[in-house]
Amino acid sequence: MAAISIMEKFTAWIDGATGIEGTVGYLLVILCVIVGHTWINGRSGDSDQPQESVEEEDEAEPPRNFTAAQLKYFDGKPDPKTEETKPVYLSVNGIVFDVSEGRNFYGPGGPYELFAGHECGVALAKMSFDTTHIDDLKGCQSLNFGEKNELDGWIEKFQYWRGYQVKGRLVPDDALPAAERIITKEELEKNDGTGDTPEGYATAPIYLAAQGKVFDVSFGGVTFYGEGGSYNRFAGKDASRALAKMSFDPEDTINTDTSDLTEKEKKVLNDW
């Protein structure tokens, strides 16, 4: 009761001093606004600083090239074969980011889930969810000045402020070499991952031949077939015999004859 009496006297004294009835209530409202403003700005101030890179227990994977079909796999949904949740990747002007840490925004059910597994540079630049702006990599070159600035802002935000890891580059289908072209042995050997990186690629092509077909394993296999990888010795070579025999013997990449393979070895080669 004494505390209530003191509070009443204090309130009456404040009202008398200011000439305004209910001054204490106004003061409490102002105090709440100041505290809230300080708290919000303190939080914003933290977010305005570039996020420190998460300590990487494992060494980051080298950048790789992506086809549009490969990128679509990384939509954050459960893998139908393993039932494991897939990472969330998206491309902004051809730069592929792993935005899995922002799954609430870009994953299934998030406000930006439309962008998962797709090129979305034009959509972000125009602040649009129109599906005609999805997978329009060429459209990034025809943006107006304001849209180009908006696009650059998103890339900067993803790469430096949010700290999303860059996984590689999206190579559009019309920039890929024709699948039916003939590749000479000299061209095969030249494309061993140590050559020049073509425009729009994340890394130089890494060719590997097997059973008469040539694969560019820079689209997903850089970790294994690139420099320092366990299968780098096969880069730029016909590895048919070596893969069939599960052999690292250099002679099995020099001798590419597969006519004497056993049925078991032929099956292993077909599995590869």
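Lys 266 is partly exposed, with a relative accessible area of 34%. In this predicted model, Lys 266 pairs with Glu 263 through a salt bridge, at 3.7 Å from N to O. That contact is one of 11 salt bridges counted here. As a friendly reminder, side chains of opposite charge can pair when their charged atoms come close.

**Within helix 11**
- Lys 266 and Glu 263 both belong to helix 11 (residues 263–271), and because they are 3 residues apart there, about one helical turn separates them.
- Glu 263 is exposed, its relative accessible area being 63%.

- Asp 75 and Lys 86 form a salt bridge whose closest N and O atoms lie 3.0 Å apart.
- Asp 75 and Lys 86 sit 11 residues apart, each in the loop between helix 3 (68–73) and strand 2 (89–92), and their pairing links distant parts of the chain.
- Both partners, Asp 75 and Lys 86, are buried.

**From a loop to helix 6**
- Another salt bridge brings Lys 126 together with Glu 147, with 3.0 Å between the closest N and O atoms.
- This pair also links distant parts of the chain: Lys 126 lies in the loop between helix 5 (121–125) and helix 6 (145–161), while Glu 147 lies in helix 6, 21 residues apart.
- Lys 126 is partly exposed at a relative accessible area of 35%, whereas Glu 147 is buried at 16%.

Definitions and conventions
Residues are numbered from 1 along each chain as its sequence is written. This is a predicted model: local features need pLDDT of at least 70, side-chain atom pairs count only at pLDDT 80 or more; totals for chains, interfaces and linings use all residues. Side-chain values use heavy atoms; hydrogens and water are left out. A salt bridge is a side-chain nitrogen of Lys or Arg within 4 Å of a carboxyl oxygen of Asp or Glu. Helices (H or I, at least four residues) and strands (E, at least two) are DSSP runs, numbered from the N terminus. Buried means under 20% relative accessible area, exposed over 50%, partly exposed in between (1.4 Å probe, protein chains only).
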